[in-house]
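Let's take a friendly walk through a protein chain together. Please have a look at the sequence and the 3D view before reading on.

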Amino acid sequence: KFCPPYPECIDEYVGYQDTSNCDQGSVTVDYQSGWNIVGLPLDVEDANYQILFPNAQSGTLYSFEGTYQPEETIEQGTGYLLKLTSDGPVGFTGTPTNELTISLSEGWNLFSGLTTSLSPADIYTQDIIQNGTIYGLEGTYFSPESIDPGMGYWVRATQDGEITLSSTVLATKAVEQVNHLSDANTLELSSGTYSTTLFFGKDIPEGEKLNYSLPPRFQKMAFDARFTDDMKVVLESGEIELLNQFETLTVEYDIKIDAGEYMHWVLISESGDLFVLEDTGKINVSSEKRFTL
């Protein structure tokens, strides 16, 4: 018998079976050049980030505990910001992890998953997880379809506590994901290949507003757009904070909810340019740090 991925466990010539590597596994993860949120998909012997990531830029590994903290080693279950100097695959060798208990603090946390992929729905069944707040990073934040090995993610906890990730235990309950933004007005702000959609005109129940909050940003992100207080939705008005490495910005809007009698939805740039938003449309503007809706 072989014990993949290490056929050397078998010495067929002398009839001796060496089982010392039979609990080992390997995972290859594709990362992009620049900033990534990374995690450890296996239990490894040496968790120094410069050993694990030969293409890492020295001094760029950060954890998050209210603020970003420089680190040298990576712990399973924790997510880390790391800047890589090139695109390409990174191979990990170690003991597979099929279950993990992770400690979280109230508010935003960086976490990572197991040796196999998980569904975000499995994370949302945990009692202390804020619905809708799992985000990955690909130049800008996005809502992932799966929690993949070797990748890290943001998640918001409603209180201090622990969550358990398991590749074998099925979720015992389903969490109803109510999308209060399905019929809201939208602003899609984009530059290059990056885009973020913001929402407005829709009142969100008080107890569910944090479902639409965004993770802490950092200044080296390629693109980020959000309302003040790190939200992606406002009711009537708000200031938009923009982080854009490019000089231009495209704004596509879709107005489904009227502003009211004798009123209009208006987007105002920091330099004073004013754009009335009616029906649907697209405008191209110079990128600025702030806009007002």
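Does Q130 count as buried or exposed? At 10% relative accessibility, Q130 counts as buried. Here buried means under 20% relative accessible area, exposed means over 50%, and partly exposed lies in between (1.4 Å probe, protein chains only).

A word on the source: this is a predicted model, in which local features need pLDDT of at least 70 and side-chain atom pairs count only at pLDDT 80 or more, while totals for chains, interfaces and linings use all residues. Residues are numbered from 1 along each chain as its sequence is written, and side-chain values use heavy atoms, with hydrogens and water left out.

**The whole chain**

The chain holds two helices and 25 strands. Both kinds of element are DSSP runs numbered from the N terminus: helices are H or I with at least four residues, and strands are E with at least two. Of the 293 residues in the chain, 46% are buried. Among contacts between residues at least 6 apart in sequence, 69% join residues at least 24 apart; contact means heavy atoms within 4.5 Å.

You will find Q130 in the loop between α2 (120–124) and β12 (136–137). Its side chain joins that of N211 in a polar contact of 2.9 Å. A polar contact is a pair of N or O atoms within 3.5 Å; within protein, one must be able to donate a hydrogen and the other to accept it, and residues adjacent in sequence count only if both atoms are side-chain atoms. Leaving aside neighbours within four places in sequence, Q130 also touches other residues, including Y124 and R156.

R156 sits in strand β14 (residues 152–157) and is buried, with a relative accessible area of 19%. Beyond neighbours within four places in sequence, the contacts of R156 include W108, I128 and S213. R156 and G132 are 24 residues apart in sequence, and their C-alpha atoms are 8.9 Å apart in space.

**An open sheet**

Next, follow the strands. Five of them form an open sheet with mixed pairing, in the order β19-β17-β16-β21-β24. Its edge strands, β19 (233–234) and β24 (280–286), each pair on one side only. Two strands pair if DSSP finds at least two bridges between them.

Three of these pairings are set out below.

| Strands | Sense | Bridges |
|---|---|---|
| β16 (185–191) and β17 (194–200) | antiparallel | seven bridges |
| β16 and β21 | antiparallel | five bridges |
| β21 (248–254) and β24 | antiparallel | seven bridges |

Why is β16 largely enclosed by the rest of the structure? Six of the seven residues of β16 are buried, so the strand is largely enclosed.

Finally, V276 lies in strand β23 (residues 274–277) and is partly exposed, with a relative accessible area of 39%.
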